[in-house]
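Colleague: Could you take me through a few parts of this structure? I would like to start with the strands and then turn to a pair of helices.

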Amino acid sequence: MARRKEIAEAPPASLRVSEQQARLLHLEAQGLLARPRRRARKADVLATIQRMRMLQIDTINVVARSPYFVLFSRLGAYKPQWLDELLEDGSIFECWAHEACFAPAGDYPLHRRHAIERQGHWAMKHAQRMRREHAVEMNRLLARVRDKGAVKTSDFERSAETKSGWWGWKVEKRWLEGLFALGELMIARRENFHRVYDLSERVLERVATHVAGDLSIVLSAAEMQREFVLGAVRALGITQARWINDYFRSGNRLKDADLAALVDSGELLRVEVAGWDSPAYVHADHRDACLAASRGRLRATHTTLLSPFDPVVWDRERATMLFGFDYRLECYTPAPKRIFGYYVLPILHRGRLVGRLDAKAHRAEGTFEIKAFYLEDSVVADAPLIDGIAEAIQDCAEWHATPQVRIERCEPRAVKRLLQAALKA
């Protein structure tokens, strides 16, 4: 009887999903398919990071700093200090992966191996060279941390030296970052989002309390790569082979042949997506969701604003293929060359990326400014769309304690009146 049930639940030899259902499968895996059913709790912050496997860090504070915003998009209003508390108690830790990221405690052995594999990266080479050239000073700095406890860069006075390299950081900041990159220091906590550095062994004592296994284990490169592939596919929900390694920045683009063994073992499902020239891959844990997608049963009900560093949009090719949405962050682009604005937030509405807005939170004034709002050319500004977007904007503004929304410019222009009316309703 058990064997019959196993056969009945086995996925068909060939799964096929529509482009729309592929989008929804991706959003389901990322926790963006449906609006949260209840008020967020601290445990939900950790569960969300574990679901995504990492949370990218960026310091730009025009609206909310990206890691807090990515969580808001999935959880709704929550207490940002919960993220800080999870870092301080060791439930998560900081590492270099896609970029600077928070990662769940249980993934420490993976990222420890990843750091070894990154030895040829320019940043690692720079840190190693600095370690050689400033051995005396950096050893003295380590001794201070060992004897007196964790430090932050504001503990050191800035010298009169000319700003150059590494964003004009003071020398102690460069040494601290070098020691962090090399694994001698870790981030113990953040104070007003500024890193506080401590000896790795002391930070890992707290991380270890959240892990069942042995943190000292050293994985092989092959084990790391295998786990990163499976983890990326699971986090993405559905993906083409060539998008997988970008998720953790764990290697060159993969080819379909590289995934054959994982498909043969049943750990990955090979899926056909209508309109795609290449096969897609789904983690076996998402088998039921994939079957629902193949039958057209996934439904999207969530409308929210996304961070520019959200996993949904950080791979430009993937976002274009999945959503027909060409997105590029323009804050690093000279102002005259920007098309949409400095810090543009993609708008997710019921499974589609329907537009973008350039926003700024004026916290002292309590005002959420929309400098510019754009709908995609193919999107119709009907009542459900306008109401959904207006609610998402208001929710975001209130979470920022900037409840007064001010709209400056909209394209199409007629949308401004519609949005203003919906916001006042």
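Predicted model: local features only at pLDDT ≥ 70, side-chain atom pairs only at ≥ 80, totals over all residues.

Colleague: Understood. Is strand β11 enclosed or open?

Modeller: Strand β11, residues 344–349, is largely enclosed by the rest of the structure, because six of its six residues are buried.

Colleague: Which residues lie on each side of β11?

Modeller: V344, P346 and L348 are on one side, while L345, I347 and H349 are on the other.

Colleague: Which strands pair with β11?

Modeller: One of them is β10, residues 303–305, which pairs with β11 in the antiparallel sense over three bridges. Within that pairing, L305 has I347 of β11 as its bridge partner. Strand β12, residues 352–362, also runs antiparallel to β11 and is joined to it by six bridges.

Colleague: What stands opposite L348 in β12?

Modeller: The residue in β12 opposite L348 is L353.

Colleague: And how many residues lie between the strands in the hairpin of β11 and β12?

Modeller: There are two residues between the strands of this hairpin. In the hairpin, R350 takes a positive phi near 45 degrees.

Colleague: Let us move to another hairpin. How many residues separate β3 and β4 there?

Modeller: β3 and β4 form a hairpin with three residues between them. β3 covers residues 92–96 and β4 covers residues 100–104; the two pair in the antiparallel sense over five bridges. For example, E94 has F102 in β4 as its bridge partner.

Colleague: How many residues of β3 are buried?

Modeller: Four of the five residues of β3 are buried, and the strand is mostly covered.

Colleague: Now the helices. At what angle do α4 and α16 cross?

Modeller: Helix α4, residues 66–75, and helix α16, residues 383–399, cross at roughly 135 degrees, and their axes come within 12 Å. The two helices are therefore oblique to each other.

Colleague: Is that crossing left-handed or right-handed?

Modeller: The crossing of α4 and α16 is right-handed.

Colleague: Which residues meet there?

Modeller: From α4, Y68, F69 and F72 meet D395, C396 and W399 of α16. The residues of this contact divide into five nonpolar, no polar and one charged.

Note on methods:
Residues numbered from 1 in each chain as written. Heavy atoms only, no water. Buried < 20%, exposed > 50% of the residue type's maximum accessible area, 1.4 Å probe, protein only. Pairing = 2+ DSSP bridges. Axes fitted to C-alpha atoms, helices over the stretch in contact; angles between N-to-C directions. Parallel < 35°, antiparallel > 145°, perpendicular 65-115°, else oblique. Left-handed = near helix turned anticlockwise from the far one by under 90°. Contact = heavy atoms within 4.5 Å. Nonpolar A, V, L, I, M, F, W, Y, C, P; charged D, E, K, R; others polar.
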